[in-house]
Amino acid sequence: MITPRTLKGFRDHLPAQALAREWVLDVARRVYRSYGFAPIDTPALEYLEILTGKGSDETDKQLYRFTDHGNRDVGMRFDLTVPFARFAAQHVGSLGLPFKRYHMATVWRGENTQRGRYREFMQCDFDTIGTTSPVSDLETVLVVHDLLVAIGIDRFTIRLNDRRTLTGILEQAGLAEKQTDVLRALDKLGKASSEAVGKELAGHGVAPEAIERLLAMASLAGPPQEVLKELETLVGESEIGKAGLAGLAKIVDGVASAGVPEGRVVLDPSIARGLDYYTGLVLESFLDELPSLGSICSGGRYDNLAGLYTKQPLPGVGASLGLDRLIAGLEELGRLPTAETPAEVFLVFFADEHLGDYLRIASALRSRGVAVEFYPEAKKLGVQLKLAAKRGHPVALILGSDEFAAGKAQLKRMASGESEELTWGGDASVLAEAVAAAVALVRSRT
RNA sequence: GUGGUUGUAGCUCAGUUGGUUAGAGCGCCGGUUUGUGGUACCGGAGGUCGCGGGUUCGAAUCCCGUCAGCCACCCCA
């Protein structure tokens, strides 16, 4: 026998989890589309040179790569941004700009696993390219906000910052050259203590006074308007720094105009994001009840998406929802739907001689968009109801020879155990209408 | 990739200084006279003690390796 097993970091998804994932994907799709983002897809495999072009050691190490049957060096995509860059460079001509797309797909990274971190996972990206307008920055924040709301999370925080502000402040502090190291260190705030971060900064040769000022800057918090004011003094006369602040101010205003409740979107000067291709807005979002999970939706603005693949400059802004991390978080908080079935109605098979009637009823329901599970054997009622309860069908429809004779049916709500008698007089479409109406009620309540 | 930690029934775990047929609760299946689940009672199935090797008269228990989970570093979704 071969031992059935899965590779480290790769998982099977049982119905309960698969249903939850599909549900989140549906929500994301709906929100992205509501802003006009169009779907695209790209291959899982790319020429190795496409993927390694960015050339950071870190991504190279994590890349799944091999030689294909035609002796080509190929790699599996480790994110959706690089394939999108290639895609954009290849198709700009026919896309028209600005172009907005969403892409929800599996990516692979051969890194070590941890809670909510796997080697195979899904990302749900959306980006707007071909414009530098701050309106697109604002829209990006709004999409993230709407998405988290639509998923049903009521307590979350979207943290914003601007790379240009950081650059400006570092300029003023005479630390422009150490930017990468400094930002990387500051990014750890929130996870690591400020002492630890201070030590790391000292290790990079940052002067004690500068460290103090950086830590003070990074720990700024409170109403966005106040944080902006504080940052203004730190930025001083730095042009780039002022530009960053202007961008943030615009977003803060816009978010309020769009009706986002206060406190959901905040400024956090410690957010830097490790990725060096961000050049303007950077954003991360956290579940308030589970901050240790890390950011579940992150993104930002970049000057040039596809510089490696085309001479045409393609500025853009976007973000990515980490589906599997979010699912892990929702599961931990007990917020995931628990049903193991997509069928709202469980149709009990009870009177063997009425098979034809059952099939007619099931078909009438399905044509009205109601999913029906028809039990395949005329077994004891108790057995069938037990299964219906375990699977989480909200409604069971019971018809035995008595009901058929009387032209009635019993609609049982599994959650409460209450039954309701329906009259249909042998007309399947009448019964289907009544059941569909009851199911619609159940749906609207969840 | 580095360091730490865990691995006994479907799930949560117990298993005494290594000693014979490895246990519990929950879950699962069947039954409690033929049409109503999540409650009660009765019965039942189910375990290569993650896997491989070693030490020993004897290993779930000690040692080594390996695979997998979790945590930290790193990086990130």
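In the predicted model, a base oxygen of RNA strand B lies 2.5 Å from an N or O atom in the side chain of Asp402. The side chain of Arg117 likewise places an N or O atom 2.5 Å from a base oxygen of RNA strand B. At Gly417 the contact involves the backbone, an N or O atom of which is 3.2 Å from a base oxygen of the RNA.

By residue type, the surface near RNA strand B comprises 15 charged, 12 polar and 10 nonpolar residues. Helix 14 contributes five residues, the largest share of this surface. Four elements supply at least two residues each, namely strand 6 (120–129), helix 14 (381–391), helix 15 (401–406) and strand 15 (408–413).

Across the whole structure, 12 aromatic pairs are found. In one of them, the ring centres of Phe349 and Phe374 are 5.0 Å apart and the ring planes meet at 40°, so the arrangement is classed as tilted. Phe349 belongs to the loop between strand 12 (345–347) and helix 13 (355–366), whereas Phe374 is part of strand 13 (residues 372–374); the pair therefore ties together parts that are 25 residues apart in sequence. Both Phe349 and Phe374 are buried.

Phe374 also pairs with Tyr358, with ring centres 5.5 Å apart and planes at 35°; because this angle falls between the limits of 30 and 60 degrees, the pair is again tilted. Tyr358 is buried, as is Phe374. Phe349, Tyr358 and Phe374 belong to one aromatic cluster that also includes Phe404 and Trp424.

Arginine side chains are also placed against aromatic rings. The charged end of Arg11 sits over the ring of Tyr118, at 3.5 Å from the ring centre. Arg101 lies over the face of Phe84, 4.0 Å from the centre of that ring.

Notes
Residues numbered from 1 in each chain as written. Chains lettered and ligands numbered in written order. Predicted model: local features only at pLDDT ≥ 70, side-chain atom pairs only at ≥ 80, totals over all residues. Heavy atoms only, no water. Phe/Tyr/Trp six-rings, centres within 6.5 Å; stacked < 30°, edge-to-face > 60°. Buried < 20%, exposed > 50% of the residue type's maximum accessible area, 1.4 Å probe, protein only. Lys NZ or Arg CZ within 6 Å of the ring centre and 35° of its normal. Polar contact = N/O pair within 3.5 Å; in protein donor to acceptor, adjacent residues only side chain to side chain. Nonpolar A, V, L, I, M, F, W, Y, C, P; charged D, E, K, R; others polar.
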